Amino acid sequence: MRAENSADRVVRLLALVSYLDDHPGVRVAQVAEHFGVSEAQVLKDVDTLWVSGTPGYQHNDLIDFAADDHERNILTLIEPQGMETPLRLGAVEAVSLLVALRSLAETAGAGEQEVVASALEKLTAAAGSAAHAARSIDVGTGRSGTDGIDDRLDQVRTAIEQGRQLHLRYVSAADVVSHRTVDPLRLLTDSQRYFLHAWCHRAQDLRQFRVDRILDLEVLEVSARLPTTPTCTPPTHPIRNWPARAGGSAWNWRPGPGG
């Protein structure tokens with residue numbers, strides 16, 4: 001089980017205020033079950049909230065609970081200090097989220113597209129003028145002006161989601177054409193180009209292939225066999241990482257001579 005970090009606890013503390021505001025007089029055991037933590041941790045969280053509040057930090061500035069209920073392991077929030085009210089996004093924050101979701105929508109797998117589309121629709125409806133500003137921003141996805149890239153991306157996604165091998169006819173940066181059979185792991189993008197991160201049977205190593213350099217692509221009726229202990233090093237430039245499929249491993253990659 002992953003150790004809890006400060007960000008995890010802050011998120012839970014903020015959610016706890018809202019939850020207790022909606023569930024007055026709730027038992028500690030029920031709160032613990034809801035948040036997936038121990039009863040002792042819930043009481044520690046309440047102790048932290050009890051000394052939190054707005055600037056001034058006098059008694060009337062702090063979040064408050066019913067002390068009598070607390071002694072009976074019941075939590076009743078009597079003064080949330082406004083923290084029960086959902087925060088509103090600023091215009092810049094809304095634009096940033098909308099642009100990020102639009103970019104994600106271009107690379108999401110089949111199982112993720114519905115979720116991303118739903119989030120984008122809801123945020124667009126709530127963002128008001130920020131939504132118009134976000135639409136004016138061009139999201140570079142490496143597609144425009146590249147013949148056949150949509151079809152190749154669809155084929156790659158199909159192979160990744162179904163766990164099948166791919167056969168590529170690929171041209172390298174040195175203009176050398178080669179044929180590769182690969183086990184696809186995931187799609188990557190640097191917002192300008194797409195890359196296929198895969199185990200190459202010819203190289204017997206992890207490789208990344210620029211999708212716009214794939215001349216021909218075939219999804220094979222052969223199950224991909226992913227290596228268990230590949231040797232790989234971190235990338236030398238930032239790149240966005242989209243998981244291959246549910247339960248997939250996290251992989252680093254290194255540019256190969258064909259990439």
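I take buried to mean under 20% relative accessible area, exposed over 50%, and partly exposed in between (1.4 Å probe, protein chains only). I am reading a predicted model, where local features need pLDDT of at least 70, side-chain atom pairs count only at pLDDT 80 or more, and totals for chains, interfaces and linings use all residues. Residues are numbered from 1 along each chain as its sequence is written, and side-chain values use heavy atoms, with hydrogens and water left out.

**Entry 1: strand 8.** I count helices (H or I, at least four residues) and strands (E, at least two) as DSSP runs from the N terminus. I looked up strand 8 (residues 205-210); six of its six residues are buried, so the rest of the structure largely encloses it. Asp205, Arg207 and Phe209 point one way. Leu206, Gln208 and Arg210 point the other way, and all are buried.

Entry 2: I call two strands paired if DSSP finds at least two bridges between them. Strand 7 (residues 194-200) runs antiparallel to strand 8, with six bridges joining them. Cysteine 200 has aspartate 205 as its bridge partner. Four residues lie between the strands of this hairpin, and glutamine 204 in the turn has a positive phi of about 55 degrees.

**Entry 3: two helices.** The axes of helix 1 (residues 6-22) and helix 2 (residues 28-35) come within 12 Å and cross at roughly 130 degrees. Contact means heavy atoms within 4.5 Å. I found Arg12, Ala15, Leu16, Tyr19 and Leu20 of helix 1 touching Gln30, Val31, His34 and Phe35 of helix 2.

How values were computed
Axes fitted to C-alpha atoms, helices over the stretch in contact; angles between N-to-C directions.
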